[in-house]
Amino acid sequence: MEQFDGLLTGLNTVLSGGVLDQIDQLAPPGVGVGSLDQAYVSPSAERSGLPRCPIGD
């Protein structure tokens, strides 16, 4: 329960566009790291050029 409560504290965290861009540089959208990820391409990853949508849109 302690771990769950800790996860809930980050529920409303919003990352800035700059932070999200830095994350994309480290782990580009649509690129998996595991062999199981290679077999599946999510629909959102197929269209990686789309802009991010703010939460609630």
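**Exercise 1.** How many helices and how many strands does the protein chain have?

*Solution.* The structure is a predicted model, in which local features need pLDDT of at least 70 and side-chain atom pairs count only at pLDDT 80 or more, whereas totals for chains, interfaces and linings use all residues. Residues are numbered from 1 along each chain as its sequence is written, and side-chain values use heavy atoms, with hydrogens and water left out. Begin with the rule that helices (H or I, at least four residues) and strands (E, at least two) are DSSP runs, numbered from the N terminus. By this rule the protein chain has three helices and zero strands, and reading along the sequence gives the pattern α-α-α.

**Exercise 2.** Decide whether leucine 8 and valine 31 are buried, partly exposed or exposed.

*Solution.* First recall the cut-offs: buried means under 20% relative accessible area, exposed over 50%, and partly exposed in between (1.4 Å probe, protein chains only). Next, leucine 8, which lies in helix α1 (residues 2-9), has a relative accessible area of 41% and is therefore partly exposed. Finally, valine 31, placed in the loop between α2 (17-26) and α3 (43-46), has a relative accessible area of 54%, so valine 31 is exposed.

**Exercise 3.** What percentage of the 57 residues of the protein chain count as buried?

*Solution.* With the cut-off from the previous exercise, 2% of the 57 residues count as buried.

**Exercise 4.** How far apart are valine 31 and valine 41 in sequence and in space?

*Solution.* Along the sequence, valine 31 and valine 41 are ten residues apart, while in space their separation is 8.9 Å, taken from C-alpha to C-alpha.
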